[in-house]
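Hi everyone, thanks for having me. Let's bring the model up on the screen and walk through a few parts of it together.

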Amino acid sequence: MTQTILKVENLHKSYGKTEVIKGVSFEIKKSETKVIVGPSGTGKSTLLRCINQLDPPDKGRVWLEDVEISKSHIDINQIRASIGFVFQSFNLFTHLTALDNVRIGLMRVKGMKEEEATKISIEELKRVGLGDKIHNYPAQLSGGQQQRVSIARALAMSPKLILFDEPTSALDPELIGEVLEVMINLAKEGTTMIVVTHEMGFARSVANDIIFMDDGIILEEGPPGEIFKNPKHKRTAKFFSKITQLEGEKAK
Amino acid sequence: MGTLVTIELALAFLGLGFVVGIPLAVGEVYGNKFVKNLAVLPIVEFFRSIPALVLLFLFYFGASSLNLSLSPFIAALLAMGFRSAAYQSQIFRGAIKSIDVGQMQAARSIGMSKFKAIRYIILPQALRISIPSWSNEYSSVLKDTSLVYALGVTELMRQGRYIVARTFGNAILVYVVCALIYFVIVHFGVKLLDFLEEKYKIPGYEIKKVTTRA
Amino acid sequence: MNFFEFAWSILPKLLQGSLISLELTALAISIGLILGIPLSLGRVYGNKIIYTVTTIYIEAFRGTPMLTQLFILYFGLPSIGIMFPPFTAALIGLGLNSAAYQAEYFRGAIQAVKDGQMVAARSIGMSKIKAIRYIILPQMFRLVIPSWSNELVLLLKASSIVYMIQVSELVSVGRQIASRNFRTFEVFLVIAFIYFVIVEVLNRILHSVERKIKIPGL
């Protein structure tokens, strides 16, 4: 039985009077890739931020492997070091080169020595295809390259799972491909990933499960084949038909 | 009483600065190369590079060497007024430059002369934009009035000194009170300027707060 | 003696005085730097108490004239038993004052660092302190250079005020010379010129330093 990496139980989150997440529960096992899709503003990004407590949830529990990470007296910094997070706006450290961006977590959070940290960082940067850009500053890199560095930064920490928050939404169309390629490879290599995205092609090709979220709750969850062909809810069907319409037009 | 003199001084300095500062700014932005580099910039640089105190002494003693007898008040007025002009010209320059170039083009296209365009189109907008930075200048000038103490002008600080000397008073108390008075005047002045900014705001026009104190 | 001969003759003494001014400025700005950074961090990241205390300090020093502050330190404190020699009083006054102004410059620079930077730092497990130390402050230092250079020049000019509390810097030396030969105006012309030169040189140096430390994109 493969190990459960993350378990989310009955998560609730409100901003002011508006409840954005209204009771979400799901699990992900080792090496699985789950893709969360749904209309904008339905709490998908917020869900990810609640998992690593960048935005603490109001109610509900989260377990990372066997440890309950939603407890208040837990060392959240240590937990965050085991969960990778890739942001929509990359958020690379502007004053550091690509190499330093990847290294800094290893050296300053995990306390690694410079040589070892450098070795690992260069490996990860090569893995995302940027071995020749390690001394460049973020401003000297394209959007796609910056995002790949930020993936390397997450990977270098050897996380138990990586959360992707709409990683390609801020990219120009021609640059989306290079990032998706890296993510597809990661999924194939067995990285445990939760991805919030609009890229259906990606979802279809590597997701073990697709989670459809609407209006703060998980409406449906299932393998791509099933959920596309036999959606149980009308809203799911409507959402996917609109998407396939768009993709059909794109293909033309 | 010293307070009144202080306020008087501040307003006088700012006033002179304003009246001279605007032509300087306009000269810098719209003037030809000669006006800009031979007249405006040297003046501005001169008044900005040397300390206020030195400037005060320069004007005061300079006058007597030219056989003009200037009262300390007038000498201070000229020195600090022109100094404020130099700083204010930079504020206005920044504001004028931040106005879209299309405004001038539109004004000219309906037949306005450069002068009219500046007067009716550019300056009204520039002055509104300048208010935040100008209120910085206001507080600076107000605080700098204390320096004319050195020329013997009876403003707030000198009054304080007299009080301490005459009554063998508690020096620290007197000076702290002086400090409080300055603080209050500065504070109210800035609030007043904020109020004016709101009152004369152009609806829908986003004015970014820029803090420049050269 | 005509003007130039006169100017030349008094130059050595004046330059000595200006050394004192420069020394005072350098020391005071360092005090300002050491105090200013914690003050700005307190204003940006501190809880309500820290925020209030730091704001009161900053408003007090920025809202009142430097002269008044120096008078309080030099003429006022003796009445409650604390007596500082002129140079010390000047140093404390300039230093504390500069700290308040520098704190505001630092605060502006900290707030100019994009929000995403702190979030990203936390997301890889950095504590708030580590994030401030390794991600926020390095960027803040680079962003603050133009304003900080400004503050240095301002402080140099402000150092002339300490003449009023009997410190033997440039202006004071000038007046001493003038009291002996009554050519006050010319003395001050030379003093003005000295300041002008120092300020210009300082500005050039700071500009080129700024260019050298530039990081592409910051």
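**Starting at A:Thr2**

A:Thr2 sits in the segment before β1 (4–15) of chain A; strands here are DSSP runs of E with at least two residues, helices are runs of H or I with at least four, and both are numbered from the N terminus. This is a predicted model, where local features need pLDDT of at least 70 and side-chain atom pairs count only at pLDDT 80 or more, while totals for chains, interfaces and linings use all residues. Residues are numbered from 1 along each chain as its sequence is written, and chains are lettered from A and ligands numbered from 1 in the order in which they are written.

So, is A:Thr2 buried or exposed? A:Thr2 is exposed because it has 9 other C-beta atoms within 10 Å (20 or more would be buried, 12 or fewer is exposed, in between is partly exposed, with C-beta atoms placed from the backbone). Beyond its neighbours within four places in sequence, A:Thr2 is in contact with A:Lys29, A:Lys30 and A:Ser31, contact being C-beta atoms, placed from the backbone, within 7 Å.

In chain A, 6 strands form an open, mixed sheet in the order β6-β7-β8-β3-β9-β10, where two strands pair if DSSP finds at least two bridges between them. Its edge strands, each pairing on one side only, are β6 (83–86) and β10 (217–222) of chain A. Strand β9 (residues 209–214) of chain A runs antiparallel to β10(A), joined by 5 bridges. There, A:Ile210 stands opposite A:Gly222 in β10(A).

How values were computed
Contact = placed C-beta atoms within 7 Å.
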